[in-house]
Amino acid sequence: MEIIDLRSDTITHPTPGMRQAIFEAEVGDDVYGEDATVNRLEMMAAASMGKEAALLTTSGTQGNLIAVLTYTNHGDEIIVGDEAHMFWYEVGGAAALGGVTMRTLPNDSCGRLNPDDIDRAIRDKDIHYPETTLLCLENTHNRCGGTVLTTDYTNEVCNLAHRRGLKVHLDGARIFNAAIALGVPACALTENVDSVSLCLSKGLSAPVGSLLCGSKDSIERARKFRKMLGGGMRQAGIIAAAGIVALETMVDRLGEDHANARRLAQGLAGIKGITLAQDNIPTNIVMFKLSPELSAREFMEGLEKAGVKVGLRDGRPFRAVTHCMVSSSDIDEALTRIETVCRRLRRRVQK
Ligand code: TLP
């Protein structure tokens with residue numbers, strides 16, 4: 001039985017083209033700035049985000065943390081959404097290693113922060129207060145179900161933050177999903193942010209790596225923090241080679257993942273015992289819930305046996321993520337298996 005793994009797009013493997021590029025990669029010592037493949041990837045990423053420079057980081061988590069270190073001083077306060085990946089899933093690194101407090105504001109169902117809330121949360125100058133120095137956004141928004149922030153919204157909150165003297169960092173782990181969903185170039189979504197961290201190892205299927213993109217000065221500062229965190233890699237062209245193939249070949253196909261996510265959502269909505277936990281499915285993430293009489297643990301056990309993997313965390317809705325390793329027929333097969341598991345659970349409850 002073939003396992004259909006919908007836990008995350010991070011489970012994707014490098015494509016044959018990536019493996020070939022890794023094999024042939026020209027390398028050098030990147031701490032000396034001498035890895036031509038890393039340099040090329042960083043230039044490509046910067047160009048795609050409309051920024052002057054970029055820095056290859058080991059992960060999205062590292063890229064976000066480096067952005068915090070770059071734009072803040074110890075003791076500052078940063079504003080993040082209460083559903084932000086940076087707040088939930090990055091081990092509190094901003095606080096532990098950056099020495100900043102995270103002021104959370106409610107994310108709405110689209111992953112937005114209310115501009116008035118932001119305005120109110122920014123601290124005045126007062127001897128009692130920490131300095132508010134950074135606003136963090138997320139696009140697409142993971143915990144809000146792969147929702148997208150539009151260009152207009154992003155520009156509006158960037159202008160507000162800049163007017164009040166803050167920098168803006170965008171967690172753009174899935175920024176290309178947002179761009180494809182909106183039909184705009186990715187750089188339109190990043191024009192006014194000071195930095196953006198994009199991931200190669202999610203929907204783009206590369207094995208490792210993210211890129212922090214920003215101004216030349218900020219990336220120079222960021223490079224030093226990457227070294228401090230132990231992220232100064234040597235012949236990293238091995239990683240970057242796959243990243244170049246990812247940027248060249250895997251962006252335009254993301255629409256297929258979005259179509260498969262909609263197909264999955266439509267199918268799930270038709271299964272008795274399941275309801276969708278979001279109104280629409282803009283990208284590749286589908287959140288869904290079980291009727292209260294069905295047990296989440298038994299559902300997960302049933303799925304495991306049936307060879308379907310989905311995500312479940314913190315008592316939240318289930319999460320299914322589409323990616324290039326699942327086809328539309330895999331989605332149909334997953335739906336058949338999920339339906340069977342649900343039917344069995346319902347029967348057990350009725351007995
Ligand atoms: N998200 C992972 C898990 O950590 C939850 C996933 O499976 O979705 N920003 C966003 C919006 C992310 O979704 C992730 C990964 C990251 C940052 C961190 O990236 P990595 O895993 O490369 O550190």
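The points that follow concern a predicted model.

1. Location of the ligand. The ligand sits in the largest pocket. Around the ligand there are 16 residues, and those that come nearest are Ser-8, Thr-61, Asn-142, Asp-171 and Arg-174. By class, this shell is made up of seven charged, seven polar and two nonpolar residues. Helix H3, which spans residues 60–71, gives the most to the shell, with three residues.

2. A polar backbone atom of Gly-60 is 2.9 Å from a ligand oxygen. In the side chain of Asn-142, an N or O atom is 2.8 Å from an oxygen atom of the ligand. For Arg-174, a polar side-chain atom lies 2.8 Å from an oxygen atom of the ligand. Taken alone, the ligand exposes 510 Å², of which the protein buries 84%.

3. Arg-174. This residue belongs to the loop between strand S6 (167–172) and helix H8 (175–182). Its relative accessible area is 5%, so Arg-174 counts as buried, the cut-off being under 20%. Besides the pair with the ligand, the Arg-174 side chain makes a polar contact of 2.9 Å with the side chain of Asp-9.

4. The cis peptide bond. Which two residues does a cis peptide bond join? They are Asn-139 and Thr-140, and omega is about 0°. Thr-140 lies in the loop that runs between strand S5 (132–138) and helix H7 (151–163). A check of the local geometry at this bond would be welcome.

5. Positive phi at Val-91. Val-91 is a residue other than glycine, yet its phi is positive, near 60°. Val-91 is placed in the loop between helix H4 (85–88) and helix H5 (93–96). With a relative accessible area of 79%, Val-91 is exposed.

6. The loop between strand S7 (195–199) and strand S8 (210–214) holds Ser-205. Is Ser-205 buried or exposed? Ser-205 has a relative accessible area of 0% and is therefore buried. Val-91, by contrast, is exposed.

7. Ile-79 and Leu-105. Ile-79 is part of strand S3 (residues 77–81). Because its relative accessibility is 0%, Ile-79 counts as buried. From Ile-79 to Leu-105 there are 26 residues in sequence, while the two C-alpha atoms are 7.2 Å apart in space.

8. Asp-126. The loop between helix H6 (115–121) and strand S5 contains Asp-126. Its relative accessible area is 33%, so Asp-126 is partly exposed, a class that falls between the cut-offs of 20% and 50%. The side chains of Asp-126 and His-128 are joined by a polar contact of 2.7 Å. How far apart in space are Asp-126 and Ala-181, C-alpha to C-alpha? The distance is 43 Å, and in sequence Asp-126 and Ala-181 are 55 residues apart.

How values were computed
Residues numbered from 1 in each chain as written. Predicted model: local features only at pLDDT ≥ 70, side-chain atom pairs only at ≥ 80, totals over all residues. Heavy atoms only, no water. Near = heavy atom within 4 Å. Polar contact = N/O pair within 3.5 Å; in protein donor to acceptor, adjacent residues only side chain to side chain. Areas by Shrake-Rupley, 256 points an atom, 1.4 Å probe, with all protein chains shown as cover. 1 Å grid on protein atoms, 1.4 Å probe; cavity = no way out; pocket = protein on both sides within 12 Å on 5 of 7 lines; lining within 4 Å. Sits in = over half its atoms within 2 Å of the grid points. Helix = DSSP H or I, 4+ residues; strand = E, 2+ residues; numbered from the N terminus. Nonpolar A, V, L, I, M, F, W, Y, C, P; charged D, E, K, R; others polar. Buried < 20%, exposed > 50% of the residue type's maximum accessible area, 1.4 Å probe, protein only.
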